[in-house]
Amino acid sequence: MKLWKGRFKKEADPKTNDFNSSIAFDSRMFRQDIEGSIAHATMLGRQGIIDEGESMRICVELGKIRQDIETGALAIDPDAEDIHTFVEQELTARLGDAGKRLHTGRSRNDQVALDVRLTLREECGGLKGQLIGLVQVLAQKAEQHAAAVVPGYTHMQRAQPVTFGHHLLAYAEMLLRDLSRFEDALKRMDQCPLGSGALAGTTYPLDRALTAKLLGFTSPTQNSLDGVSDRDFCAEIAFAASMTMVHLSRLCEELVLWCSWEFKFIELDDAFCTGSSIMPQKKNPDLAELIRGKSGRVFGDLMGLLTMMKGLPLAYNKDMQEDKEAVFDAVDTLKLCLTPLTPMLETMRVLEENMRAAAAKGFINATDCADWLVAVKGLPFRDAYKITGELVALCIDRGLTLEELPLEDYQAVCQSFDQGVYEAISLEKTVGDRKVLGGPAPENVRAQAQRVLKMLKEFR
């Protein structure tokens, strides 16, 4: 039976019911719906709006309904209009008139707004835990490989030497920002909309502060129109999920490159790869590729939310039923991607020798050669830059690296060179000398890894 049946003289077309129904995706909120109803019923009893004995009976029975759904003793009716209707009708079937009093001073509009907030609050807590686990693995791996020289790239061309630990910590920084974005979103949604009614509050003397407190919110929402029509928090969480997926996608792109034969910087554990149906030699990084691909799905959820909300007049509109599918899908997809990524990184084998060999062949110490001419020999930087460029061209012609080029060839280009240039362009030294805050020197990497691990404690 529809809660709104009294106004209508004929039954809705079955196709209307199917199109209007949200039970398929809002049934996951049954715990939150019951939690909100228990708080509302408790407040109604304390305020004397309904009999306190009836309030207690309602709360007890709601607890039983929750337990019955959790154990499977009570199946959610797929033909129900939504989870809110299902729970209220089940309560009424069990308690009679007492169950009908639950909805006093409440609309489905503020009820839905509450349930979505409660659900996302719980989901974000889980996501934060997963992100913390991922950042922890990145920091630990960074410490292990703090001195492993690897080429740093710009334009996908070898540019300057860094360390693998430094590279991993770049992703740790991104994910720390993601954690803070989720925390910020949670702070802004920390208001309870219950008591806003359909749009204009109610004439009943509700104690909204009590309801908010019972449900763990800092305060009630301050405007009834905004209370039922606000979905900023859905968009914010979808945006936080989207930014996280950007970072996961970038990381996975590099994992795919790094484990290719062209790079061979890492080897992923067999448990996180698949093979080919026809090529027996293949070991494909499918999980990393899937994570990279699923980023588009989460971006689509965000765009769907923004587009759905952009033209809506106050207050509630049925368009807003679309909020749940989009934001729940964004959260679920991110959760799905984080689940294998952390152990995949934890178990990957880092091939430091291959990284060092690639760094040696990329002339990524050319800037250090020019800097040595400036700092030690007093040449203007532009002259030093030109001289070093000529040396690189000479090395390419002869198939040598800067470390392998004989001193007489250095001196043929510029008489200022002496044996000290070889120490200056040593990859380990060039990395080790980059001790500026934020630089890739091994001692920096170890300190930054410890800083990241310490910061994680603030998010727990």
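In the predicted model, helix H11 comprises the 27 residues 232–258.

The loop between H11 and strand S5 (266–267) contains Lys-264. This residue has a phi near 50°, a positive value in a residue other than glycine. Lys-264 counts as buried because its relative accessibility, 18%, falls under the 20% limit. Lys-264 also belongs to the lining of the largest pocket, where Cys-259, Ser-260, Trp-261, Lys-264 and Lys-283 are the residues that lie nearest the centre. The volume of this pocket is about 310 Å³. Its lining consists of 14 residues, which divide into 7 nonpolar, 3 polar and 4 charged.

A positive phi is also found at Met-156, with a value of about 60° although the residue is not a glycine. Met-156 is located in the loop between strand S1 (149–154) and strand S2 (157–163). With a relative accessible area of 47%, Met-156 is partly exposed, whereas Lys-264 is buried. Most residues other than glycine have a negative phi, and most peptide bonds are trans. With regard to the peptide bonds, a cis bond joins Leu-314 and Ala-315, with omega of about 10°. Ala-315 is part of the loop between helix H12 (286–309) and helix H13 (322–347).

Asp-82 is situated in the loop between helix H4 (52–71) and helix H5 (83–95). A polar atom of the Asp-82 side chain lies 2.6 Å from the backbone nitrogen of Thr-85. When neighbours within four places in sequence are left aside, the contacts of Asp-82 are with Ser-22, Ile-23, Asp-26 and Arg-108.

Asn-109 is located in helix H7, which covers residues 108–144. A polar atom of its side chain is 3.0 Å from the backbone oxygen of Ala-198. Ala-198 is also among the residues that Asn-109 touches once those up to four places away in sequence are excluded; the others are Gly-197, Val-228 and Tyr-316.

Gly-378 provides an example of an exposed position. This glycine lies in the loop between helix H15 (366–375) and helix H16 (381–398), and its relative accessibility is 58%. Because the value is over 50%, Gly-378 counts as exposed. Gly-378 and Gly-96 are 282 residues apart along the chain, and their C-alpha atoms are separated by 93 Å.

Technical notes
Residues numbered from 1 in each chain as written. Predicted model: local features only at pLDDT ≥ 70, side-chain atom pairs only at ≥ 80, totals over all residues. Heavy atoms only, no water. 1 Å grid on protein atoms, 1.4 Å probe; cavity = no way out; pocket = protein on both sides within 12 Å on 5 of 7 lines; lining within 4 Å. Points joined across faces, edges and corners; volume = space filled by probe spheres on them. Nonpolar A, V, L, I, M, F, W, Y, C, P; charged D, E, K, R; others polar. Helix = DSSP H or I, 4+ residues; strand = E, 2+ residues; numbered from the N terminus. Expected span 1.5 Å × (residues − 1). Polar contact = N/O pair within 3.5 Å; in protein donor to acceptor, adjacent residues only side chain to side chain. Contact = heavy atoms within 4.5 Å. Buried < 20%, exposed > 50% of the residue type's maximum accessible area, 1.4 Å probe, protein only.
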